[in-house]
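Subject: Structure handover

Hello,

Here is the structure I promised you. Please open it first, then read my notes below.

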Amino acid sequence: MQARAAEDLKKMVTDRLVDAGLVYEGATALVTPRRLALAVQGIPVRQPDLREEKKGPRVGAPEKAIEGFLKSAGLASLDQATVQKDPKKGDFYVALIEKPGRPAIDVLAEILPLVVRTFPWPKSMRWGTGRLTWVRPLHSIVATFGPETEDPDVVPFAVDHITASDTTRGHRFLAPDVIRVKHFDDYVQKLEAAKVVADPARRRDIVLHEARQLAFAQGFELVEDQGLLDEVAGLVEWPVVLMGSFDPAFLKIPDEVIRSTIRANQKCFVVRDPKTGKLAPKFILVSNTEAVDGGAAIVAGNERVIRARLADAKFFYETDLKTKLEDRLPKFSQIVFHEKLGTQGQRIARIERLAEELAPLVGADVEKVRRAAALCKADLLTEVVGEFPELQGLMGKYYALAQGEDAAVAATCEEHYKPQGPADRVPADPVSIAVALADKLDTLVGFWAIDEKPTGSKDPYALRRAALGVIRIVLENGLRLALRTVCSTHLGVMAGPGPAIHALPEGPSKAAVDARDKPAHDDVPGSLLAFFADRLKVQLREQGARHDLVDAVLALDVQDDLLLIVRRVEALAKFLDTEDGKNLLAGVKRATNILRIEEKRDGTRYTGAVDAGLLRDAEEWQLFRAIEAAQAEAEAAVAREDFSAAMRAMATLRPHVDAFFERVTVNADEAPVRANRLRLLDGIRAATLAVADFSRIEG
């Protein structure tokens, strides 16, 4: 809320300044738990004068029209207007309106109270007898305006009972007295002297630096946490970093549980022993005051709370260990995953079946995959995950190892959720890969089957993230998967007996998962593959690939194998960086443009075989033979997935295309010869389609 509020304040004020003709040089917004500040530099002293011509009615217009014109232009009579001559439309009146600019401080006095009253807090409150709503009770407003070299004026306005002034207060406990401030620099400096660091970025730097130093001084290293750092910096105005400790007996709990407990309940950092890489029985807290006892009471209070919280976590962990993961599975049959997709138990059975099918395709041991798929969701029913949902998967790994499961099976319990974002790592072990793909594909196929697809910016089931996860797993592990076949097979599983959806929903969605409705079944994989293609475009563009090259390859309807698409795009990019590639692209585009124009004019398509008997010039013969040879060689190279060789085959066309356009007239006088030459141009287009749709390439 703080960061958003700073941006909102900046935008609301500066937008209104610009609308009022007060163009500024720069703006800086700062925020603390108790204050929100904005400094705008370079505002002119007054608005510019406005000079505007207002066109009125024709000379001799009705009286009512004249009166309306005078009123809108602010004129007392027609004597104050001029007559504009227009030989075509007739003479008409024109009013010259001159509006002198107002002092900027007066404009600010109108803008600022409006900003305060309409500020878009996500949550707000009303207090006392006033009608103002704000995120917290508003105590004072500082508003000064003037050059940096002079004493500024106070902007004259009030909001409810609060009148703007040039005074504020420092830290609530350490320096609560009134402070008189002038300009922004003066405001920041005097607040710092009053134990308030106004800049949130500087507070973050102070916390991080002092936490690192304190940990280092004790022989430890800080476990850094950017999210917690941002939160803590937003909770204090004068950060004071202290260290506390807890009972080493709690270190028997997994490190992540300790960290989550201390982080969630007390907003404290943990430290690790650099010699072992394990957590140390210490924590770092950030206080908002300099205590007279050096912080001893503050540390002791945090230690008491953390001791109780860790005791709870230890109890949860030890309780979880008493029940095996597989013994938790029957309860999933009572938990609904989605009303149209059955229970969690049914979903786990589907994931297990799909993972078994994927195992040989990714080189995984089928038995390990089956076991991992069965156990991968079991930790969702544990006490620790119930308390800390962010530890799902990770706790599954710990519990699996504790009950003696294979290391690959245990790792899969954690890794099958990955990747959960662009910065997250991708599973690399074959067992994890198989289950991770099965988990994501079951989600995608299921929601596509019941027609619950992402729309616009809405994606409540995170289906875009699931698709990008599949893409990253496939590409980064170099996997060859026929996605259409996998999705079609799994769709049949969902509609069939066994671990499928036993009670299909009524209405239109039923047709999407009814095994007897073949058209609907055929459409789901196609629609899902189109969705994968769109996500792949996003992924490749972020990696620097040209969007037009991606479109040129995807236009060939080859999106069943994601790895081949990427290899084809890479080969095409390299080819188009060469002179042969650039010139061939120009030739293909010329041929395509000529064909499009002539086909539109003639109302026919010039496709089919070229008649060798109608070839007149040597360049025609050479191009004809080159097309046959290049197309055959390119198709053979594509068949063996050698896209570089396919591009080299296309390159052999370049001199013959150039010679054809230089010496041969396409639109010959003889109609059969003209049609044959147009079919020859279509041959160029058809030959290049072996590697990409060149018509979609820019340049």
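Start at Lys267. This residue follows helix H7, and its phi is positive, near 55°. (Helices, H or I of at least four residues, and strands, E of at least two, are DSSP runs numbered from the N terminus.)

Two points on reading the model. It is predicted, so local features need pLDDT of at least 70 and side-chain atom pairs pLDDT 80 or more, while totals for chains, interfaces and linings use all residues. Residues are numbered from 1 along each chain as its sequence is written, and side-chain values use heavy atoms, without hydrogens and water.

Back to H7. This helix covers residues 255-266, twelve in number. From first C-alpha to last, H7 reaches 16 Å, close to the 16 Å expected at 1.5 Å a residue (1.5 Å times one less than the number of residues). Its buried residues (under 20% relative accessible area, 1.4 Å probe, protein chains only) include Val257, Ile258 and Ile262. The buried residues of H7 pack against strands S16 and S17 and helices H8, H12 and H13.

Now the cores. A nonpolar core joins buried Ala, Val, Leu, Ile, Met, Phe, Trp, Tyr and Cys residues through side-chain atoms within 4.5 Å. The largest has 143 residues. Helix H15 (residues 430-449) gives the most to it, 13 residues. A second, separate core has 32 residues, including Leu22 and Ile111.

Last, confidence. Mean pLDDT (the predictor's confidence in each residue, from 0 to 100) is 89. Over residues 498-522 it is below 50. Where pLDDT is low, the predicted coordinates should not be read in detail.

Best wishes

Definitions and conventions
Contact means heavy atoms within 4.5 Å. Buried means under 20% relative accessible area, exposed over 50%, partly exposed in between (1.4 Å probe, protein chains only).
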